[in-house]
Amino acid sequence: MSERRVPCPSCGARIVEGARKCRACKAWLGERPRGSSASLSGREPRLARAAVSVACGVAAVIIATLTSLKSPVGEAPPLTALTPEGAGAVDASDQAPNPAAFGPDSPEPAPPPPLDPKGRWRAREIRIGDVHPLDVVFNPSGTSIYVSADDASLREYTLQSGEIVHKASMPAQGDHIRLLFDRYVAVLRHEDAARIPVMDTTAWDRDPVLLDVGRTPGDIVALPDGRTVVAATTDTKRVTKFELPTGVRLANITLPHATGQLFLVQAEGRPYIAALGALTHAGRPAGAWIDLFDPSESPFGATRRSIAVGREPREGDITRDGGAVFFPDRLSNTAILLSVAGVTETRKAPVGVGPTAGFLLDDDRYGITLNAEARTASVIELSTMTVKSTLPLGGVPRTGVTSPDRKTLFVALGGTQWPPEGSGVAVIAGDPPRVVASLPTGKGACAVAVSKDGARAAVASYWDRSITVLEQ
C-alpha cells in the first residue's frame with residue numbers, strides 16, 4: 001500500500017491513499033464486503049432482533065387467547081377456615097394417624113350402657129397371638145385395653161374388633177402395669193430390674209421414659225398435681241419422687257423396711273403418702289409398718305410417722321375420702337382398717353384362712369377379703385368390724401378389682417401359684433354383697449381390670465393367651 005496521503009471525502013482529514021476507512025470520522029470509504037464482520041454489525045443484527053420481537057409478540061397473543069378460555073373444571077371450592085390455636089378442641093377424625101399405629105385408625109364405638117349390678121353378664125374372648133399376658137388395664141376411654149406381655153412388650157387392643165393397634169418394646173417384661181394421669185402406663189418388673197419404664201400412650205413411636213428407682217421396684221402412685229409420681233422399691237428400701245414426662249428425679253428417702261405398696265391418702269387435711277412395707281428375718285416375716293409423710297414437704301419425707309400394722313400385709317384399698325386404709329394380714333388371718341385422717345386408729349376382724357387382698361364396697365360400708373387357702377371371700381361390716389357373711393368361690397382367688405362406683409367386685413380365680421393354673425371370674429355385688437355371677441375364662445386367670453365407666457371388665461388368661469371381656 002502507498003504511503004501517499006489524500007484528503008478524506010467525508011471530513012477532509014489526511015488519510016493514506018487506498019484506505020477503506022477514515023480514522024478521524026470512522027467513515028467507510030469504499031463498498032463493504034458482504035458477510036464481513038462489519039456487515040453483520042449493521043443490517044443483519046437488526047433483522048435478527050426484529051425476528052425475535054415478532055416471535056415474542058405471536059407467543060403473547062397465543063397465551064392471552066388460551067388463558068381467556070373458560071375452564072371446564074369450574075371454580076375451586078372455598079378454603080377451609082382455620083381454627084385459631086386454643087380456640088377449641090380439634091375433632092378426632094381430623095387428626096393425623098399415630099405413626100406407631102397398626103393400620104388405619106378405627107372409629108370410636110358408641111359408649112356402652114351404664115353398669116347394672118343386678119344385670120346379666122356375658123363374656124367374649126380376644127386372642128392376643130403367641131404371647132402370654134401378664135397384666136391388663138383399660139384405656140380411659142373404655143374402648144381399648146393395654147396388655148403387658150411376656151415378650152417384654154406393651155400392647156393396645158381395641159375391644160370392638162380385638163385387633164392390636166399399638167405395640168412398644170420394654171426393657172423387661174412387666175409383672176404389673178399402672179395407669180398414671182390417664183395418659184402414661186408404668187411397667188413394673190418386681191425382680192431383676194432397677195428401673196420403671198413409663199410409656200406415653202399419646203406417643204407410641206417414642207421410647208419409654210425410664211425411672212431409676214433402684215433394685216426390685218415395688219409400686220408407683222400418681223400425685224394430685226398431675227405431673228409428679230412416687231415410686232418405691234423392696235430391695236433398696238427407697239421411696240423416690242419423679243417428674244413426668246421428663247423422668248427427672250426430684251427427691252428420695254430410704255426407709256428401714258421394704259415398701260411393697262403405696263397409697264395416696266388424706267391426712268391432716270392434705271394429701272399424704274402411705275408406704276406399706278415389711279421386714280423379714282431369715283426369710284420369714286418379722287413385722288410390717290405404714291409410713292405416713294407429706295410428699296410436698298421439703299426435704300422429702302423429713303417428718304413422717306410409722307405405724308405398726310401386723311406381720312405380712314397384702315394388697316389393700318383406701319376409703320373414698322382417703323382417710324383410712326383397709327388390707328388383710330396373711331399370717332394372722334385378720335382384716336385391718338387403719339384410720340389415718342387424724343389420730344391413727346387400728347381396728348381388726350378375723351377372716352378366712354390365707355387372705356391375699358382386701359377391697360371396699362358400697363360407699364365403704366363393706367370390706368371384702370379374698371381368702372386363697374379357704375377359697376372364700378369374707379364380707380366385713382366396717383361400722384362394727386364384724387364378719388357379716390362368707391362367700392364360697394368357684395376357685396382359688398388370685399386378685400380382684402372394684403368398679404369405679406364401688407358397687408361391683410370382679411375376682412380372678414387363677415390361684416396363687418405362678419404361672420396360674422385356675423380359670424374363671426366371680427362377680428360380687430348387691431347389699432349385702434354376694435356372688436351374682438361366675439363366668440368362664442381361659443386357663444391361667446392372672447389379672448383383672450375394669451373400665452373407667454364400670455361398663456366392662458377384662459380378665460387376662462396366661463395359658464390361654466387371651467383376654468376375656470365381660471359386658472352386660
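1. The protein has 472 residues, and 46% of them count as buried. Its secondary structure comes to two helices and 34 strands. Among contacts with a separation of 6 or more, 41% are between residues 24 or more positions apart. The protein exposes about 24,000 Å², and carbon and sulfur atoms supply 52% of that area.

2. Next, a word on confidence. The average pLDDT of the protein is 86, and 85% of the residues score at least 70. Residues 33-42 fall below 50, and this stretch has nine contacts in the model beyond near neighbours in sequence. Residues 84-94 also stay under 50, and for them the model has two contacts beyond four places in sequence. Where pLDDT is low, the predicted coordinates should not be read in detail.

3. Which residues have the most contacts inside the largest nonpolar core? They are Val136, Ile145, Val147 and Ile467, in a core of 19 residues. Two or more residues come from each of β4 (133-138), β5 (144-149), β32 (445-450), β33 (456-461) and β34 (466-471). A second, separate core has 17 residues, including Phe263, Tyr272, Ala288 and Ile307. As general background, nonpolar side chains tend to be buried together in soluble globular proteins.

4. Setting aside neighbours within four places in sequence, Ile467 is in contact with Arg124, Glu125, Ile126, Ile128 and Pro133, among others. Its contacts also include Ile145 and Val147, as well as Ala458, Val459 and Ala460.

5. Strand β32 deserves a look of its own. Is β32 enclosed or open to the outside? Six of its six residues are buried, so the strand is largely enclosed by the rest of the structure. β32 pairs with β33 in the antiparallel sense, over five bridges, and the bridge partner of Val448 in β33 is Val459. The hairpin of these two strands has five residues between them, and there Gly454 takes a positive phi near 75°.

6. Within β32 you will find Ala447. Why does Ala447 count as buried? Its relative accessibility is 4%, and buried means under 20%, so Ala447 qualifies. Beyond residues up to four places away in sequence, Ala447 touches Leu134, Asp135 and Val136, along with Thr399, Ala458, Val459 and Ala460. Thr399 is 48 residues from Ala447 in sequence, yet the two C-alpha atoms are 6.6 Å apart in space.

7. Now to an open sheet of four strands. The order is β16-β17-β18-β19, with antiparallel pairing. Which strands stand at the edges? They are β16 (258-267) and β19 (304-308); each has a single partner strand, so one side of each is left without a neighbour in the sheet. From one strand to the next, the twist averages 25°. Strand β18 (residues 284-293) is joined to β19 by five bridges, and Ile290 stands opposite Ile307 in β19.

8. Some backbone details are worth checking by eye. Most residues other than glycine have a negative phi, and most peptide bonds are trans. A cis peptide bond joins Leu244 and Pro245, with omega about 5°; Pro245 lies in the loop between β14 (238-243) and β15 (248-254). Another cis peptide bond joins Trp418 and Pro419, where omega is about -5°.

9. Lys237 has a phi near 55° and sits in the loop between β13 (228-233) and β14. Arg406 has a phi of about 60° and lies in the loop between β28 (399-402) and β29.

Definitions and conventions: Residues numbered from 1 in each chain as written. Predicted model: local features only at pLDDT ≥ 70, side-chain atom pairs only at ≥ 80, totals over all residues. Heavy atoms only, no water. Core = buried A, V, L, I, M, F, W, Y, C linked by side-chain atoms within 4.5 Å. Buried < 20%, exposed > 50% of the residue type's maximum accessible area, 1.4 Å probe, protein only. Contact = heavy atoms within 4.5 Å. Pairing = 2+ DSSP bridges. Axes fitted to C-alpha atoms, helices over the stretch in contact; angles between N-to-C directions. pLDDT = per-residue confidence, 0-100. Areas by Shrake-Rupley, 256 points an atom, 1.4 Å probe, with all protein chains shown as cover.
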